[in-house]
Amino acid sequence: MKKIILVLLAVGGAALAKKKMDEGKSEQALWAEATDTVHKS
């Protein structure tokens with residue numbers, strides 16, 4: 001029973017870490033777009 005709980009906690013932690021990384025990537029993309037220099041064609 002303890003092993004199952006530990007596995008579930010590990011999976012939950014990994015899911016939270018991935019979510020946090022994805023949020024960081026989207027935030028970085030927004031900043032890159034906002035601070036990108038404007039090029040006229």
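Guide: Met1, Ile5, Leu6 and Leu9 together form a nonpolar patch on the surface, with about 490 Å² of accessible area. A patch is built from residues with over 30% relative accessible area and no salt bridge; nonpolar side chains (Val, Leu, Ile, Met, Phe, Trp, Tyr) are joined within 5 Å, and like charges within 9 Å. The model is predicted: local features need pLDDT of at least 70, side-chain atom pairs count only at pLDDT 80 or more, and totals for chains, interfaces and linings use all residues. Residues are numbered from 1 along each chain as its sequence is written, and side-chain values use heavy atoms, with hydrogens and water left out.

Helices (H or I, at least four residues) and strands (E, at least two) are DSSP runs, numbered from the N terminus. Met1 counts as exposed because its relative accessibility is 77%. Here buried means under 20% relative accessible area, exposed over 50%, and partly exposed in between, with a 1.4 Å probe and protein chains only.

Leu30 is found in helix α1, and it counts as exposed because its relative accessibility is 54%. Between Leu30 and Leu6 there are 36 Å in space, C-alpha to C-alpha, and the two are 24 residues apart in sequence.

Helix α1 is hardly covered, as its count of buried residues is zero. The protein has one helix and zero strands, and buried residues make up 0% of its 41 residues. Its accessible surface comes to about 4,300 Å², with 69% belonging to carbon and sulfur atoms.

The structure holds one salt bridge, defined as a side-chain nitrogen of Lys or Arg within 4 Å of a carboxyl oxygen of Asp or Glu. In this bridge the side chains of Asp22 and Lys18 meet at 3.0 Å, N to O. Asp22 and Lys18 are separated by about one helical turn, because they are four residues apart in α1. Lys18 is exposed, at 52% relative accessible area, whereas Asp22 is partly exposed, at 37%.

Terms used. Accessible areas come from the Shrake-Rupley method with a 1.4 Å probe; for residues, only the protein chains shown count as cover.
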